Amino acid sequence: MQNNNQKAGQVFRRLRKDHGYSAKTVMANIMSVSLLRKFEEGSCDIVSTKLLALLRRLHISYNEFAFLLQGQQEDEYTAFLTELSDHYYKNDLKKLETMYHCQAQNYQLTQDPFYLVTQATAAVLIQDLEPSFVIDHALADHLNNYLLATNDWDSFQIATLGNCLPIINSKMIMLILRELDEKVHTFEKVADNYERYLSLLANTIETLMNRRLIDQAKSVLHHMQQLAIPETMSQARIKMTFLANLLENNRQQGIDKNQHLLELLRLSGSPTLAQSYEDYMTSFLQQSS
């Protein structure tokens with residue numbers, strides 16, 4: 001993994017080369033060639049005024065640069081999740097714990113929020129396999145502070161909240177969701193962001209149901225039901241319908257509706273998904289009876 005300096009320098013170097021600028025042309029009257037080289041190599045940081053001057057020379061706005069930097073961060077998180085999930089599905093606790101401690105060390109050394117997120121994500125999966133695993137309260141506190149301080153929510157932050165719901169307290173989840181309500185129109189403009197947002201809402205409903213916070217779960221469900229869900233995002237619609245049926249006041253009616261839904265899933269070629277929903281329904285009903 002790379003720290004913030006390395007990411008920014010790497011993205012800038014790629015942009016400079018893509019636009020056909022030499023190092024000498026870009027740095028003239030801004031900084032020395034050696035400092036630019038160190039920045040592009042990730043061995044040093046530069047003040048914001050110099051970065052803005054460099055970007056102006058490339059005719060690139062800071063927002064565009066930040067967007068590209070965010071994209072690289074998302075790619076790294078996706079790669080991390082792929083490796084993490086592989087160990088999780090193999091029940092390889094030892095490798096999961098190795099990844100967890102590695103991310104914890106990286107965060108301690110760099111204070112880069114990216115490593116805070118990866119450490120928290122690993123902790124959630126470890127605790128799912130090994131319930132006795134204790135997650136440090138400081139980790140959850142730092143994650144809460146990071147999410148609360150985030151203004152520009154993108155797919156990375158949405159995925160972070162969705163993946164780390166189990167270690168975030170319910171009041172904090174509801175607080176963050178209220179803030180995100182104001183950003184729905186911006187999420188809708190980017191299909192990937194909107195799909196992740198819908199998935200986040202569905203997972204939040206499930207998390208609150210697991211905590212037996214039924215009123216809060218119904219509140220999030222009501223909000224989700226007011227949103228326009230494209231046909232292309234059928235997974236979110238199916239999960240929303242499934243959870244809504246479980247939350248019906250008439251329990252037997254909700255069960256019957258879900259049995260019909262599960263049968264449709266099996267007939268449409270999704271037996272694994274149908275089985276996972278059926279297992280969850282059985283567990284939820286047993287624990288709430």
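Is the crossing of α13 and α14 left-handed or right-handed? I found that α13 crosses α14 in the left-handed sense (left-handed if the near helix is turned anticlockwise from the far one by less than a right angle, right-handed if clockwise).

Basis of the entries. I am working on a predicted model, in which local features need pLDDT of at least 70 and side-chain atom pairs count only at pLDDT 80 or more, while totals for chains, interfaces and linings use all residues. Residues are numbered from 1 along each chain as its sequence is written, and side-chain values use heavy atoms, with hydrogens and water left out. Helices (H or I, at least four residues) are DSSP runs numbered from the N terminus.

Entry 1, α13 and α14. I looked up helix α13 (residues 214–225) against helix α14 (residues 234–246); their axes come within 11 Å and cross at roughly 140°. Axes are lines fitted to C-alpha atoms over the stretch in contact, and angles run from 0 to 180 degrees between N-to-C directions. That makes α13 oblique to α14, since angles under 35 degrees count as roughly parallel, over 145 as roughly antiparallel, 65 to 115 as roughly perpendicular and the rest as oblique. Leu221, Met224 and Gln225 of α13 make the contact (heavy atoms within 4.5 Å) with Ala236, Met240 and Ala244 of α14. I sorted the residues of this contact into 5 nonpolar, 1 polar and no charged. Here Ala, Val, Leu, Ile, Met, Phe, Trp, Tyr, Cys and Pro count as nonpolar, Asp, Glu, Lys and Arg as charged, and the others, Gly among them, as polar.

Helix α6 (residues 93–110) packs on α7 at an angle of about 155°, with the axes 8 Å apart. I therefore list α6 as roughly antiparallel to α7. The crossing of α6 and α7 is left-handed. Residues of α6 that meet α7 include Leu93, Tyr100 and Tyr107, and those on the α7 side include Pro113, Tyr115 and Leu129. The contact of α6 with α7 has 12 nonpolar, 5 polar and 1 charged residues.

The axes of α15 (residues 251–267) and α16 (residues 271–288) come within 8 Å and cross at roughly 165°. I therefore list α15 as roughly antiparallel to α16. The crossing of α15 with α16 is left-handed.

I noted about 1,400 Å³ of space in the largest pocket. Its lining counts 35 residues, and Gly162, Asn163, Asn203, Glu206 and Lys239 lie nearest its centre. A pocket is an open set of points on a 1 Å grid over the protein atoms alone, where a 1.4 Å probe fits, with protein on both sides within 12 Å along at least five of seven lines; lining residues have an atom within 4 Å of a point. The largest share of the lining of the largest pocket, 9 residues, comes from α12.

Methods. Helix = DSSP H or I, 4+ residues; strand = E, 2+ residues; numbered from the N terminus. Points joined across faces, edges and corners; volume = space filled by probe spheres on them.
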